[in-house]
Amino acid sequence: MNTSYAIRPAVTTSLKYLLLIVGAAIMLTPFAWMILSSMMTSSEILARPLTWFPAHPSFDAYRGLRDAIPLGRMYLNSMFVTTSTTIGILLTSSLAGYGFAKFQFPGRDVLFLIVLATMMIPFFVVLIPIFYMVSKFGWVDSYPGLIVPNIATAFGIFLMRQYMVSLPDEVLDAARVDGASEFEIYWRIVLPLSTPVIGALGILAFVFQWNNFLWPLVVARTDTMWTVPVGLNSLRVYASSAQVINMQMAGATLGIIPLVIVFLALQRYFVRGIALTGIKG
Amino acid sequence: MTTAEQVLVRPGRARAKRRVNRRSLAGYAFVAPALILLVVFALGPFLFTIWVSLHSWNMLTPLTTMPFEGAGNYSYLLNDDALFRETFGNTVYFAVGNVVVSVVLALSIALVLNGPIRLRAFWRAAFFMPYVTAPVAIAIVWRNILDSNWGMLNGLLARVGLPEQPFLDSLNQAMPSLIGVSVWHEVGYYMIIFLAGLQAIPYDLYEAAKLDGASTWRLFWTITLPLLRPTMLFVVVVITLSSLQVFDLPFILTQGGPVNSTNTLVMYMYETAFKFLRMGRATAMAVMLFGVIFTMTMIQLRLLRERE
Amino acid sequence: MTTSDKTGNRMFMTPVSRRRFAQGLAASPFVFGAASRGVRTTYAQDKVKLVVLTHWGSAEQKDPLEKIFAEYTQANPNVTIELQTVAFDDLLNRITTGQLGGEAPDIYHFYNLWLPDFVGSELLAAPPDDISTDVTGAYGEGTVGGASYNSKVWGYPTEVNDYQLIYNKKAFQEAGITAAPTTFAEFRDTAKKLTKKDSSGKVTQAGFMFLAGWDSGVVHPWTSLLWSNGGQYVADDYSKALFNSQAGIDVLQLETDIVNDGSSIMSTLTDADFESGRVGMTIMANWWGATLRASSLGMDNVGVAPIPHGEGGTPIALQYEWLWGVGNTSQNADAAWTFLKWLNNPRDSAEASSPMGEFLTSALNAIPGRQSDQKAHADLLSDPFVKPFVDAFATSKSEPIIPGAQEIKTNLQKQIESAWAGQESPTDALNTAAQDADRILKEKAAS
């Protein structure tokens, strides 16, 4: 799994570690401060210069958060919506990616370009027509409304296609000769061979959908349908919003926990996955 | 040409057959679910958007009463709207800065992590963590760090004897600061993509070259970089795409300020649509942005193909 | 005794959970209905459902409001009321998408600057005559003006807000300042005196805080100063902008001078610089009182004074307000107006407070627009922080309710900031903004 070129003398190695340490420090310091600040009082957060450690670390911010917004419900919604959307994305992307990668049909290239083109439009531009459709379907303030518009994504199709193009045709042809249906080939051969890219897309889609803000804001009309980002955003309605800043930090900390878990669980696949997305020489 | 390049650059042009047979029907069937969803939820709405861009619409009146403007919105934006030009310039500035810095840093870190480094999983996780953080937390944290009067970064600079900087309060430094935060946020994501790309390069190629006495630098130039080009293309296309549409970060960090120095095209679009209630004009901006992105992407695909 | 709130978490009856219990009780009949609601259903003859949209979303605001609604629905069992809330920044967004998707509320609560767009798009239903008469008779002149467009009143004003000079009393004492500045010259001088620097020359306390990056934060104080310098914002017939007159240029020059003196900082409300004691003065609205009250600064340290005026001018504060209105597409317009009439009228006797008045004063620490409410709550409104704001209503002027107001305001904001940053001279900045404004006014007048 590891390919490394020239093993350099110890000087370069320590230089590399230095770079990594400095880099990781820059990456993680703001992060660490976010978590620490969730245990501070708001005045400590607002104090300048920066307060590093809370004088009296407490979970008051978390308690206040739980009382201010329906935290449990928000989490439930986010978990359900994000997981469903991610599964949907994985399904539609793998199906379409496979179709574009391993089949020839008239208009395939044009269709693929159209798929790519859909990545070039900022979402809120199409927000209104999508919302209009969703409300006509009767999906406002409901789970289908939150999930369905998001389960097809050009990025996912692009990624899957890159990967699947390099799957060996011989294996697929052999299965056809054996009489397997196209769907069986997809399900029994292509998918298992694609676990790495599924892991990769899975985590990318999960992170993106979890933090998705604008669409749930518009579709969820009552707070029983709030997802985590929307609920956290509602803290801004407080007239004394600066005073609840520690609650916002607590909310942000809670918000990343599922993402960290998903990342840690899938990262092995993730790295392996992207490795095979059409970058073979 | 690698399969990737075939795919990315001239999608299947070399191999497309025009026959409709059982296999190609299966092909249609596989792409159908995603395509239908995209048509309904992306393409259709975009066509609607193009149609709206030919009208004036404040979103409060029914569509049937929209006055027709023809190319009016477009000509206004191109000829009379100084802010459109300014935000367009800002957006390009941001995109170039973000792409160059992110790619260089992501690649460098990936190169380092590709070598014999301990605790690789830890470093990977460390660099990826900023990406999972929600924008609202990023805003609070970074405003705190970059505060021109009392921020942590200035505190650090003062401690080592360097002059303090206005960062987000300065017309000149705001955009570079924004690029800095954006790089912080995304470099881990692109690093992982590069990492995977590097890991796919067969070790024996390096072995052979080293036996011939090639230096590390030469190895990089003649083996790594060429074989990494498809990954590079993927990353550059994706970063450019998202950088040209940047919205969240400047929206929460600087609100486009000071004055308009970090006002981006999509921010101006959003303001035009939802604050000024000028949906016709906003959609015209979106269509023009789409044109630019599409052209850029095509150029990138072509450029990176020709060299092979 | 334990109970479950609507997320099913078991809680004990602590004071906090009592509030949640009440909220849950008030909201529970609507929760599941709302969650499974898709297309709006039509109700039987007598049953009416009113959907209300406001930006009062925090628990401290929502709970009392829902309690008041519950009072009404108990007395009128055929009516149910659903309260929807969004943050202010998202309110306009929600209104537009709601209108398009057929998910429009029956009752809107909105910022009066949006009247020209709403009225022009026929979003609002014109009130019946008795409501119009009620409003014209019971509210102050400036407030009625702020609720009107095209010579019609469009709803009930709720909270009225104006701007004053707010200062840190402790900072004043430490700098030896005994009285708040009244003229422009004093204002600039006071800002200088209040600025404190440490040994390395870094500002530890800024004399004045400008609120940058936010249109109202920049334009509202500036306009107040403009009027206090004898200037005008826009011509009476709304045909052209007048804020680039010499009076306006002088005001912008004053602000730029304060910036160049080094006596100010650019900040945002979320940075909480004033509450953390890092700022001497700023110009802000009365609704900020709730934040200051909850901060570590303490209300004893907060002073309020009239807007400084130019030579020959008198302090004139800018005021704006919020309005209750009924949607034009509402199926229950009559029921909605009836409800609003109850909500905004004195309860029992003519001297009593209206339910809205109670809510505004107790839950929001806001100033009610209705004059009978102002009298009924005179004690609360004589609080040392609030009183100067109330007094200022005698001379305040409404933010001009003109077509394209939001766009003109944003352009002006950017131009003012540009002058502060030294990018343009005040004269050029204001002339550019005025040109933009004239163009927009002309365009809107033609359509």
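Helix H9 of chain B, residues 203-211, lies largely in the open, because zero of its nine residues are buried. This reading is taken from a predicted model, whose overall scores are ipTM 0.84 and pTM 0.85. Just after H9(B), the residue Gly213(B) adopts a positive phi of about 90°.

The surroundings of this helix may now be considered. Chain B contains 13 helices and zero strands, so that the order of its elements from the N terminus reads α-α-α-α-α-α-α-α-α-α-α-α-α. Along the principal axes, the C-alpha atoms of chain B fill a box of roughly 75 × 70 × 30 Å. Of the 308 residues in chain B, 50% are buried. Among the contacts in chain B with a separation of 6 or more, 70% join residues 24 or more positions apart.

Chain B also meets chain A. To this contact chain A gives 87 residues and chain B gives 91 residues. On the side of chain A that touches chain B, several helices each supply at least two residues, including H1 (10-37), H4 (71-102) and H8 (154-165) of chain A. The largest share on that side, 15 residues, belongs to H14(A). When the residues of this side of chain A are divided by class, 62 are nonpolar, 17 are polar and eight are charged.

Chain C presents a further topic, namely its domains. The domain assignment divides chain C into domain 1, covering 18-161 + 320-392, and domain 2, covering 162-319 + 400-446. The centres of these two domains of chain C, taken over C-alpha atoms, are separated by 30 Å. Where the domains of chain C meet, 21 residues of domain 1 are in contact with 20 residues of domain 2. Both helices and strands of chain C each supply at least two residues to the domain 1 side, among them helix H4 (115-120), strand S8 (156-168) and strand S14 (318-326). H16(C) provides the largest share of that side, four residues. By class, the side of domain 1 of chain C that touches domain 2 has 14 nonpolar, six polar and one charged residues.

Finally, the confidence of the prediction for chain C deserves attention. The average pLDDT of chain C is 86, and 90% of the residues score at least 70. Over residues 1-44 of chain C, however, pLDDT stays under 50, and for this stretch the model has 57 contacts beyond four places in sequence. Where pLDDT is low, the predicted coordinates should not be read in detail.

Terms used
Residues are numbered from 1 along each chain as its sequence is written. Chains are lettered from A and ligands numbered from 1 in the order in which they are written. This is a predicted model: local features need pLDDT of at least 70, side-chain atom pairs count only at pLDDT 80 or more; totals for chains, interfaces and linings use all residues. Two residues are in contact if their C-beta atoms, placed from the backbone, lie within 7 Å. Ala, Val, Leu, Ile, Met, Phe, Trp, Tyr, Cys and Pro count as nonpolar, Asp, Glu, Lys and Arg as charged, and the others, Gly among them, as polar. Domain bounds come from an automatic or database domain assignment. pLDDT is the predictor's confidence in each residue, from 0 to 100. A residue is buried if 20 or more other C-beta atoms lie within 10 Å of its own, exposed if 12 or fewer, and partly exposed in between; C-beta atoms are placed from the backbone.
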